[in-house]
Amino acid sequence: MDAAIALGERGRGRTAPNPHVGCIIVKDGEVVGRGWTQPGGRPHAEAVALAQAGAAAEGATVYVSLEPCAHESGRGPACADLLAAAKPARVVIAADDPDPRTNGAGAERLRAVGIAVETGFGREAAEASMAGFFSRVRRGRPFVTLKLALSIDGRIALASGESQWITGEDARAHAHLERARADMILVGRGTNEADAPQLDVRLPGLEDRSPRRALLTRGEAPEGWAKLASPEEIFSLGDVNDLLVEGGAGAAASFLAADLVDRLLVYRAPILIGDGKAAVGDIGLAGLADAHGRWRLADTRALGSDRLEVYERTR
């Protein structure tokens, strides 16, 4: 199942509004088929894996990171029907599909034709992998990651506004990888006017993974950009699973004040700036006690001379 979930990650940032699912088919101890959701959301992972396995799928065990879909679609057959026709002996499902069109129906359709179905194995890892999809279906909005690149003393720029570059090449490369994993990237009006960021992915081989761009503004957005007048408008982004907010301090503060940040990426450079621009503006805390217990350190790692800290919102 770990391998199926990892396969699904290959589709992250390219399948929305569909989830990025992974599927592996095993028979007699050998992998006979594998697949992940393709760009645009079709074909689904199960369809790709079954096509590769062919007749070998009969009597095999199928591992899939999300319950096979059971609802009708003009874009292709339901995966539950494809699996039923392929006649595997067993289907192991990590996470139930929260989409009410399928929720539980995919597993029941397989059981109805005599296929053994097991659910819940690897659920936590699968839901973490597809957090954007689960957030959009369950909460009606994308999973939001806020990226901050700052100095030891929490500054994102000199007092003059100079900010390129606070972090080194390794940290910037990691940030571009995070861009490649997002469906949409957002900055505030001030950052756009000051830096004119391209917001693209400039890692070799991943240039085509650049996410759609959005601007937080009450004014006009550049051509080809989405416009959000407030953080709450992310609830209208029906085709976005993962949103990356890159700056600046005003945009960061507005999303934090609205409690719409699920994950923090803090890239900390070993430099002191002193009297510079703060990473985040006022987020509306009434007292210091309100700041405690909101964030959990999920990961930390060295990126060259810099340090990445990953925090998850506790809810």
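**Note on the predicted model**

1. **A pair of residues in two strands.** Tyr 63 has Val 92, in β4, as its bridge partner. The two strands concerned are β3, residues 61-66, and β4, residues 90-95; they run parallel and are joined by five bridges.

2. In what order do the five strands of the open sheet lie? The order is β2-β1-β3-β4-β5, and the pairing is mixed. From one strand to the next, the twist averages 15°.

3. **A helix on the sheet.** Helix α4, made of residues 105-112, packs on the sheet and touches both β4 and β5. The direction of α4 makes about 155° with that of β5.

4. **The protein as a whole.** The model contains nine helices and 15 strands. Its radius of gyration is 22 Å, close to the 20 Å that the globule rule gives for 315 residues, so the protein is as compact as a globular protein of that length. The C-alpha trace spans about 70 × 40 × 40 Å along the principal axes.

5. **Interior, contacts and surface.** Of the 315 residues, 47% count as buried. Contacts between residues at least 6 apart in sequence were also examined, and 72% of these join residues at least 24 apart. The accessible surface comes to about 14600 Å², and carbon and sulfur atoms account for 49% of that area.

6. **A buried arginine.** Where is Arg 179 placed? Arg 179 belongs to helix α7, which covers residues 169-180. Its relative accessible area is 8%, and Arg 179 therefore counts as buried, the cut-off being under 20%. Neighbours within four places in sequence are left aside in what follows. Among the residues in contact with Arg 179 are Asp 200 and Glu 246, two further arginines, Arg 202 and Arg 209, and also Ile 185, Leu 199 and Leu 244.

7. **The aromatic pair.** How many aromatic pairs does a search of the whole structure find? The search finds one. Phe 133 and Phe 134 form this pair, with 5.7 Å from centre to centre and 80° between the planes, an edge-to-face arrangement.

8. **A hairpin.** Strands β14 (residues 295-303) and β15 (residues 306-313) run antiparallel and are joined by eight bridges. Within this pairing, Asp 299 has Val 310 of β15 as its bridge partner. The hairpin has two residues between the strands, and Gly 304 takes a positive phi near 65° there.

9. **Cis peptide bonds.** Most residues other than glycine have a negative phi, and most peptide bonds are trans. Ala 16 and Pro 17 are joined by a cis peptide bond, with omega about 5°; Pro 17 lies in the loop between α1 (2-8) and β1 (22-27). The peptide bond from Arg 42 to Pro 43 is likewise cis, with omega near -10°. Pro 43 is located in the loop between β2 and α2 (45-53).

10. **Positive phi in two aspartates.** Asp 28 has a phi near 50°, which is a positive value in a residue other than glycine. This residue is found in the loop between β1 and β2, and at 74% relative accessibility Asp 28 counts as exposed. Asp 259, which is not a glycine either, has a positive phi of about 55°. The position of Asp 259 is in the loop between α9 (249-257) and β12 (263-268). With a relative accessible area of 29%, Asp 259 is partly exposed.

How values were computed: Residues are numbered from 1 along each chain as its sequence is written. This is a predicted model: local features need pLDDT of at least 70, side-chain atom pairs count only at pLDDT 80 or more; totals for chains, interfaces and linings use all residues. Side-chain values use heavy atoms; hydrogens and water are left out. Two strands pair if DSSP finds at least two bridges between them. Helices (H or I, at least four residues) and strands (E, at least two) are DSSP runs, numbered from the N terminus. Axes are lines fitted to C-alpha atoms, for helices over the stretch in contact, and angles run from 0 to 180 degrees between N-to-C directions. Contact means heavy atoms within 4.5 Å. The radius of gyration is taken over C-alpha atoms; the globule rule is 2.2 Å times the number of residues to the power 0.38. Buried means under 20% relative accessible area, exposed over 50%, partly exposed in between (1.4 Å probe, protein chains only). Accessible areas come from the Shrake-Rupley method with a 1.4 Å probe; for residues, only the protein chains shown count as cover. Rings of Phe, Tyr and Trp (its six-membered ring) pair if their centres lie within 6.5 Å; planes under 30 degrees apart count as stacked, over 60 as edge-to-face and the rest as tilted.
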